[in-house]
Amino acid sequence: MSVFNARKAYVAKTVDELNSLFVDRKSNKAVYARFVFAGPGPLKNDVVEHPKLRKEIKSAVIGVHDVAYPFENGLSEAVRLSRGAMSNIAHARGQALIKKLFTRIAKDNKKYSIGARDTFEGMREGAAMTLLVTEDAPYQTIVCEPTIAPKDSKEEDPDQGTHLVFHHAVSEKDLAGKLKEIEQDNTVVVREVVQFVDWALDHAERLHKCNVEVIAVRSPEGLQFKAGFGGIAALTRYEFHPSSEDTEFVDLEDSDESSSKEDDDDTGDIFG
């Protein structure tokens, strides 16, 4: 076999492997949202331009880069070269999600939660579908484990097992209060305290069926999202009514009763 034919066969085999690995057979969708091709030689271009490369992959290519090294060093260089493109995509996606959130709020269709407390509640109840949280969100998560390990705990991965308990804190004061409560609880002990955004990226999808989108605060939309909602909100699967609504309703009733009483007092002064 000539060198030309050997190269052609190698490229074709590579394309077949890519199609098999990165396109789901059931859904016919790419398993990743974006792809970067890189390498020290021209073969990567032949692969990207190959007619048999599935359109699901080809349409998601954001960069084809020449790198000086193969293997891990080449991968690191490819990531560095693609950082700008990946950042632009993440920024555009974040803007679109914030716009979607604002649209739902404007329509008041209740398919959203805003602020830390309501969003944490929405996650616990399974209502949150997409969690939006800024990269510098100040919220923290307390990771606890039982003082007495369950009988089947040896079969569980300690970082992925269902025996861990999580408490989310909205402020330093809230964190201190929760830690004090846990100290008085003999059934669990604190394992660690981590940033909520890190916890969410690792656990939210598995525990709450909730996608996580980290919002950059460098854009005007990101800054508005941070200032207006504390840098956290969620798009929900269905109409969500957090318990804070009940509190607001009670406050409004108290306010109305107070106003009514004042009006009665004023009337008495006029006609007394």
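Helices (H or I, at least four residues) and strands (E, at least two) are taken as DSSP runs and numbered from the N terminus. The structure is a predicted model, in which local features require pLDDT of at least 70 and side-chain atom pairs count only at pLDDT 80 or more, whereas totals for chains, interfaces and linings use all residues. Residues are numbered from 1 along each chain as its sequence is written, and side-chain values use heavy atoms, with hydrogens and water left out.

Thr14 is located in helix α1 (residues 3-22). The C-alpha atoms of Thr14 and Val47 lie 7.4 Å apart in space, although 33 residues separate the two in sequence.

A nonpolar core is defined here as a set of buried Ala, Val, Leu, Ile, Met, Phe, Trp, Tyr and Cys residues joined through side-chain atoms within 4.5 Å. The largest such core comprises 18 residues, of which Phe120, Met123, Leu131, Tyr139, Phe196, Ala200 and Ile232 touch the most other members. Two or more residues are supplied to this core by each of α5 (116-124), β4 (128-134), α7 (196-208) and β9 (232-236), and the largest share, five residues, comes from α7. When neighbours within four places in sequence are set aside, Met123 is in contact with Ala128, Leu131, Phe196, Trp199, Ala204 and His208, contact meaning heavy atoms within 4.5 Å.

In helix α8 (residues 220-229), the buried residues are Gly222, Phe225 and Phe229. These residues lie on the same side of α8, because they cover an arc of only 75° around the axis, the arc being that of the directions from the helix axis to the C-beta atoms. The buried residues of α8 pack against α4, β3 (112-114), β4, β8 (211-215) and β9, whereas the face turned away from the buried side carries the exposed residues Pro220, Ala227 and Gly228. After α8 comes Gly230, with a positive phi near 75°.

Met86, which is found in helix α4 (residues 71-107), counts as partly exposed at 37% relative accessibility.

Definitions and conventions
Buried means under 20% relative accessible area, exposed over 50%, partly exposed in between (1.4 Å probe, protein chains only).
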